[in-house]
Amino acid sequence: MGATISLDYISHRYQAAGPNTLSGINNCIKPGELCALIGRSGCGKSTLLHMMAGLLIPSEGCVRINNQQVQKPSAKWNMMFQKASLYPWMSVKENAALGLLFAGVSPAQASEKIDGLLDMVGLHDRKDARVQSLSGGQQQRVALARSLATEPEVLLLDEPFSALDAFTRGALQEEVPLICRKLNITMVTVTHDIDEAITMADRVLIMSQNPGRIVDELSVDLPWPRRHMDHKFQHLRDELMQMFVQTETTSIQASDPSISKTVAA
Amino acid sequence: MTTASASLERNRANMPPLMGGVLWVANQLKYPVLGCLCLLVLWWFGGYLIRNDPDLSAFSAFAPGPTFSALYALILSGELVQTITSSLYRILIGLLWGVAIGVPVGVLIGYVGTAMKIANVPFQILRMISPLAWMPIAVLAFASWDAAIIFLIVMAAVWPIMFSTAHGVRKIDPNWFKVARNLGATGPQMLSRIILPAIMMDVVAGIRLAVGVAWVVLVPAEYLGVTSGLGYAINDARDTLSYDTLAAIVLVIGVIGYCLDWLCGLLVKRFNWHLED
Ligand SMILES: Nc1ncnc2c1ncn2[C@@H]1O[C@H](COP(=O)(O)OP(=O)(O)OP(=O)(O)O)[C@@H](O)[C@H]1O
Ligand SMILES: [Mg+2]
């Protein structure tokens, strides 16, 4: 259980003649590892995550999950988006069961499993509610149950909590890694929130911009659940911030010498 | 909820269930019934004026009394049922064609931006042509009168269905496709589980509009050569100077039209996935 994700020499351009959006990305994520991917807006985090989900094929290189090349979406590697995007004509339970329905599982069989999952994400009393009557956080919990229902080996999160209020976000930042640990799921979460990265991940990958590449990484070896006020947490936070600033200045210098002069002056 | 109906709700709780039910129905119906009574009074008053005017007294059969007795006779003879059945049959076939053409084309122009740009102006032009303007062409183009009438109904029904469907497709959240693809949906599953349920309420709303237009077009269309249906019955009653029957048919047209619209309203409610507040 738990899958290895290999990113092999990935480069990508959206237009054939355009600039590289991603360039020379090479990394390996171990089974059951909880990984965070941070970087400036527009550096290509979502692009890379879509590739891991099979929603986008890189122009060079490939993504392999358990040594199998990812070429199309699959219930084995599942993605959660910034918006829950639930289907308003289905109940909470039907939404959560959708992946199983697509896989041909009978509703009766799915029902028991979905009940368990909705209990786990804390929605036991809203199973038959209409999704439009749920709060943003509750909707995102339904989306989480929907992603977990097909027993994925990989869970990919694209800023899934960024639209939520601070309390709900904090709760989910704590719960999701625990659930992934429990179910032995390899998790990759994209964020531009340094605290979120340290709260959720074993390892933080730092991306630079233009072209997007993984420039540095940081291991986070803190006990769960992680406390923001913790001394070690603060220390890692500072370290990560510094690494981040460093990559920013190097990438500016690399891309435009005239700017580096003004920065130096 | 108004205070009056709120207190009614409260009182209902302490009543035997049957009586509570009767009260509830009475409360729901009081305004519509009042409205219909007003209409009846106006109608009766009009009949009264006609009867007392020596120039118009020949038309006194238009008044409520003669009309309702003619209606009773029509029902008893079974003539009415037959008339209504043939009209409804034409409406139904016309609507089916309208759906069969309007929904796929609507999905196409809603989904493919270029198709919309190309089709918009010609379709808007065609839409503004009264379906009855096609009458002579329909008569030339179709061998049977029935087919010509159904063609006119299709010309009335297809536009609302098409535009409403296209509107529904255009407002589908693109993320719904991405999420479904990500969950492993195949093409047919995407169609049956995501696209169709998403646009169903717009399709049904289009059908409701179409029924309204088609019902209005039906009667003049049935003035064409056919020997059945409500339009024919009106023509026939006029030719035989049986004005009571004519008024009865007019009444039936209104009532059935209302019922059709009410049924469509139920359907719209059934498929509406917006949260009612
Ligand atoms: N479909 C597309 N076609 C062309 N260019 C695209 C497309 N999607 C993204 N891009 C470009 O690729 C770059 C990376 O985009 P991406 O969405 O991966 O960034 P991101 O790191 O996820 O940013 P954010 O934090 O704002 O979500 C951006 O410059 C963007 O303009
Ligand atoms: Mg993004």
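The model is predicted: local features need pLDDT of at least 70, side-chain atom pairs count only at pLDDT 80 or more, and totals for chains, interfaces and linings use all residues. Residues are numbered from 1 along each chain as its sequence is written, chains are lettered from A and ligands numbered from 1 in the order written, and side-chain values use heavy atoms, without hydrogens and water.

Glu151(A) is not a glycine, yet its phi is positive, near 50°. It sits in the loop between helix 5 (136–149) and strand 7 (154–158) of chain A. Helices (H or I, at least four residues) and strands (E, at least two) are DSSP runs, numbered from the N terminus. Leu241(B) also has a positive phi, about 60°. Its place is the loop between helix 10 (230–239) and helix 11 (243–271) of chain B. Leu241(B) is exposed, because its relative accessibility is 57%. Most residues other than glycine have a negative phi, and most peptide bonds are trans.

Chain A holds cis peptide bonds. One joins Asn210(A) and Pro211(A), with omega about -5°. Pro211(A) lies in the loop between strand 9 (203–208) and strand 10 (213–219). Another runs from Trp224(A) to Pro225(A), with omega near -15°. The ring of Trp224(A) also lies under the charged end of Arg226(A), 3.8 Å from the ring centre (criterion: NZ of Lys or CZ of Arg within 6 Å of the centre and within 35 degrees of the ring normal).

Over all chains there are 14 aromatic pairs. Tyr111(B) and Phe177(B) form an edge-to-face pair, because their ring planes stand at 90° with centres 6.3 Å apart. Rings of Phe, Tyr and Trp (its six-membered ring) pair if their centres lie within 6.5 Å; planes under 30 degrees apart are stacked, over 60 edge-to-face, the rest tilted. The two residues are 66 apart, in helix 4 (residues 79–111) and helix 8 (residues 174–182) of chain B.

Ligand 1 makes polar contacts (N or O atoms within 3.5 Å). A polar side-chain atom of Tyr14(A) is 3.3 Å from a ligand nitrogen. A backbone N or O atom of Cys43(A) lies 3.2 Å from a ligand oxygen. A side-chain N or O atom of Glu159(A) is 3.3 Å from an oxygen atom of the ligand.

Notes. A polar contact is a pair of N or O atoms within 3.5 Å; within protein, one must be able to donate a hydrogen and the other to accept it, and residues adjacent in sequence count only if both atoms are side-chain atoms. Buried means under 20% relative accessible area, exposed over 50%, partly exposed in between (1.4 Å probe, protein chains only).
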